[in-house]
Amino acid sequence: MSSVKKKLFIQTLGCAMNVRDSEHIIAELKEKEDYEVTHDLQSADLILINTCSVRERPVHKLFSEIGAYEKAKKPGAKIGVCGCTASHLGSEVFKRAPYVDFVLGARNVSKISTAVNTPKFVSVDINHDESEYAFGDFRSSPYKSFVNIMIGCDKKCTYCIVPQTRGDEISIPKDIILNEVRKAANGGAKEIFLLGQNVNNYGKRFSGAHEKLDFSDLLNLISEVDGVERIRFTSPHPLHMDDKFLQVFSKNPKICKSMHMPLQSGSTAILKAMKRGYSKEWFIERALKLRELCPGVAISTDIIVAFPGESEADFEDTLQVMEKVKFEQIFSFKYSPRPLTPAAVMTNKIDEKTASARLTLLQDIHNKMLDEIVATQMGAVHEVYFEELRENASVAGRSSNNFLVQVKGSEELLGKLVQVKITDPKRMVLYGKII
């Protein structure tokens, strides 16, 4: 073992699954290649960009970023491109950025050691099966732990590149998941964050023979692990929100009362063109059933405006669903065509001006709703899990229903669950006092 460790600089773009992939990469390189993480680009021996290709901008940004890294890095330092953009571009990355040393797709994380040691290594097999691979242990936060429960995606949403970058859906065996949860809880993480493209489709397919188990059963098993006090997950699919799942979500006290329900569009016609598998009415019924079973639940969603063929009436349908469900949080975007997707070749595109106007209107309407929701939080009491130091001698954390809450305090509050009364609710942060 060399006395001076090699240094790894890693930039993670995109979703929580990418964050977990980066943690796996760091664990592998620490264990097998004697690397340690640095935040100083110029001292790094290895520079990795873990990429996202869900929207257009990150891909354009990637190549300008690689160029900047190439100029700033020390002589002899290697650059690797990992993640979803790596999956769909493959060796094309070398053509556009010849100084890149290797390309590693999102389903090939376990090969990072080989990649680092092999000139111009490319591995982007989207059906490489890592569902039973035992990664080393590394977490970015001592307070919460991301845990993958499945890899890949079997949905055929026409706007989405993920099936082309992460391959077919395979569930990770429950023993591997529970083992990882126990390790995290023993290390002090009270909150477990389960990850998958469609978590509530868990258990449909494993690599080998495994007992029949669905997502609701898995949630109950995880909640029984000593030390686990909170469970979150992303992303469930509205299509798989059956009554059993909604009941377990509502009744199990360890499951945080925050549900992400990606709507994408409120128009049944557009949902059909997107191949989402449900109608406007079906989505509203599930969301209102959830509100009825679980008072106080916060529902977040994703919305794409100006999908090809979206009429004014279709857009109005989306606004109607917003009005009925009253989402606490919305991630909204203008449609952007992704390579390898059916929607990219649709001819009935919406012009940029209309798309921008619709997005602005939707966000303005949601901000008004949000102000009403926030106003109801005055005087509310939340149990908050503190995990972040803030300026002005403050700490922040999340309520069970995912509101960001900030109080005066110091690091002794970190990792603790504390009752807080809200005294000054704002749109982005609820300020409060410890009771």
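A disulfide is a pair of cysteine sulfur atoms within 2.5 Å. The structure examined here is a predicted model, in which local features need pLDDT of at least 70, side-chain atom pairs count only at pLDDT 80 or more, and totals for chains, interfaces and linings use all residues. Residues are numbered from 1 along each chain as its sequence is written, and side-chain values use heavy atoms, with hydrogens and water left out.

A search of the whole structure gave zero disulfides. Cys-15 is in no disulfide. Its nearest cysteine sulfur belongs to Cys-52 and is 6.4 Å away. Cys-82 is likewise in no disulfide. For Cys-82, the nearest cysteine sulfur is that of Cys-84, at 11 Å. Cys-15 is partly exposed, at 38%. Cys-82 is buried, at 2%.

Aromatic rings were examined next. Rings of Phe, Tyr and Trp (its six-membered ring) pair if their centres lie within 6.5 Å; planes under 30 degrees apart count as stacked, over 60 as edge-to-face and the rest as tilted. The whole structure holds 13 aromatic pairs. One of them joins Phe-233 and Phe-249. The centres of these two rings are 6.1 Å apart, the planes stand at 80 degrees, and the pair is edge-to-face. Helices (H or I, at least four residues) and strands (E, at least two) are DSSP runs, numbered from the N terminus. Phe-233 lies in strand E11 (residues 230-234) and Phe-249 in helix H9 (residues 243-251). The pair thus links distant parts of the chain, 16 residues apart. Phe-233 is buried, with 7% relative accessibility. Phe-249 is buried too, with 0%.

A further pair consists of Phe-307 and Tyr-335. Their ring centres are 5.3 Å apart and their planes meet at 75 degrees, so this pair is edge-to-face. Both residues sit in loops. Phe-307 is between strand E13 (298-305) and helix H12 (312-325), while Tyr-335 is between strand E14 (329-334) and helix H13 (352-375). This pair links distant parts of the chain, 28 residues apart. Phe-307 is buried at 0% relative accessibility, and Tyr-335 is buried at 13%.

Phe-233 and Phe-249 also belong to one aromatic cluster with Phe-215 and Phe-245. A charge sits over a ring if NZ of Lys or CZ of Arg is within 6 Å of the ring centre and within 35 degrees of the ring normal. Lys-257 lies over the face of Phe-249, 5.3 Å from the ring centre.

Notes:
Buried means under 20% relative accessible area, exposed over 50%, partly exposed in between (1.4 Å probe, protein chains only).
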